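Me: I am new to this structure and would like to know what stands behind the terms used for it. Please show it to me before I ask.

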Amino acid sequence: MPIKLVTFDLDDTFWDCEPVILKAESIFFAWLECEYPDIASSFTPQTIVEHRRAVFAKCDENKHDFSFLRKRWLGVLGQEFGYGEALVESGFEIFWRARNDVTLYPTVLKMLEKLRGSYQLATITNGNADVYRIGIGHWFDAVVTAADANCAKPSGGIFDYALRQLGVRAEEAVHVGDDPINDVMGAKNHGMRSIWVNPKRLPWRYDGAPDADIPNVGELVSALNSLSE
Ligand SMILES: [Mg+2]
């Protein structure tokens with residue numbers, strides 16, 4: 001079956017995610033120290049993350065929408081300290097800008113340029129990275145988040161949501177991502193092929209092995225050519 005569509009995970013597939021999130025949390029905390037010192041002085045950078053996670057865990061609606069959850073948490077934080085909703089939008093913006101200040105892996109843009117024209121391209125992320133804010137949105141025919149699909153990888157629903165947007169059948173699509181369960185097994189279980197981005201060259205320890213295993217997305221063009229043969 002020829003491949004018509006390539007879908008991509010974002011975090012840890014197009015950039016190293018952990019330093020971005022750590023930096024965004026640190027920029028947010030520095031902003032809080034400046035704007036709301038009484039809130040900041042009641043926490044450490046670690047305990048405020050624990051406070052946020054506890055609010056996330058208790059929230060029953062929009063569980064897959066990290067932007068919604070973060071705003072909900074900022075609302076709770078504001079209420080606890082008598083500020084109401086005052087810090088919701090500004091506090092979210094500070095974090096969100098830093099969360100999208102990513103450094104693309106050096107092979108990403110060249111790879112997208114090589115694939116465009118041969119395949120439809122889409123992104124499928126569970127997080128709230130924004131490809132338009134990052135400046136790569138124009139490369140994609142569809143941009144799908146767990147918030148849009150109202151379900152998250154590895155659920156088949158989010159893969160289906162992306163396929164339906166482009167009118168492509170699962171067997172005509174390949175998903176590319178770093179997470180063995182969310183990306184590789186999620187896509188395989190939905191009838192798509194999958195390519196594992198595996199920079200540490202780890203052995204495969206799960207069911208449903210990937211159709212290809214590459215150290216970085218720079219190797220994707222040749223991996224797709226091999227799948228098409
Ligand atoms: Mg990832």
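Me: How far apart do the C-alpha centres of domain 1 and domain 2 lie?

Reply: The centres are 29 Å apart. Domain 1 covers 5–15 + 104–228 and domain 2 covers 18–99, with bounds that come from an automatic or database domain assignment. The contact takes 14 residues from domain 1 and 9 residues from domain 2, where contact means heavy atoms within 4.5 Å. This is a predicted model, in which local features need pLDDT of at least 70 and side-chain atom pairs count only at pLDDT 80 or more, while totals for chains, interfaces and linings use all residues. Residues are numbered from 1 along each chain as its sequence is written, and side-chain values use heavy atoms, with hydrogens and water left out.

Me: Why is alanine 24 called buried?

Reply: Buried means under 20% relative accessible area, exposed over 50%, and partly exposed in between, with a 1.4 Å probe and protein chains only. Alanine 24 has 0% relative accessibility, so it counts as buried. It is found in helix H1; helices (H or I, at least four residues) and strands (E, at least two) are DSSP runs, numbered from the N terminus. Not counting residues up to four places away in sequence, alanine 24 touches Phe95, Ala98 and Arg99.

Me: What makes Asp9, Asp11 and Asp178 donors of the magnesium ion?

Reply: Donors are N, O and S atoms within 2.8 Å of the metal (3.2 Å for Na, K and Ca); water is not among the atoms, so sites may look incomplete. Asp9 (OD), Asp11 (O) and Asp178 (OD) coordinate the magnesium ion at 2.1 to 2.2 Å. Aspartate 11 lies in the loop between strand S1 (5–8) and helix H1 (17–35), and aspartate 178 in the loop between S4 and helix H10 (180–189), so the pair ties together parts that are 167 residues apart in sequence. Aspartate 11 is also buried, because its relative accessible area is 14%.

Me: How do you know that aspartate 179 caps the N-terminal end of H10?

Reply: A polar contact is a pair of N or O atoms within 3.5 Å; within protein, one must be able to donate a hydrogen and the other to accept it, and residues adjacent in sequence count only if both atoms are side-chain atoms. A side-chain oxygen of aspartate 179 lies 3.0 Å from the backbone nitrogen of isoleucine 181. The buried residues of H10, including Val184 and Met185, pack against H9, S4 and S5.

Me: Why does asparagine 198 count as buried?

Reply: Its relative accessibility is 2%, so asparagine 198 counts as buried. It lies in the loop between strand S5 (193–197) and strand S6 (212–214). A polar atom of its side chain is 2.9 Å from the backbone nitrogen of leucine 202.

Me: What describes the packing of helix H6 and helix H11?

Reply: The axes of helix H6 (residues 108–115) and helix H11 (residues 220–228) come within 9 Å and cross at roughly 35°. Axes are lines fitted to C-alpha atoms, for helices over the stretch in contact, with angles from 0 to 180 degrees between N-to-C directions. Met111, Lys114 and Leu115 of H6 meet Leu220, Val221 and Leu224 of H11. These residues divide into 5 nonpolar, no polar and 1 charged. Ala, Val, Leu, Ile, Met, Phe, Trp, Tyr, Cys and Pro count as nonpolar, Asp, Glu, Lys and Arg as charged, and the others, Gly among them, as polar.
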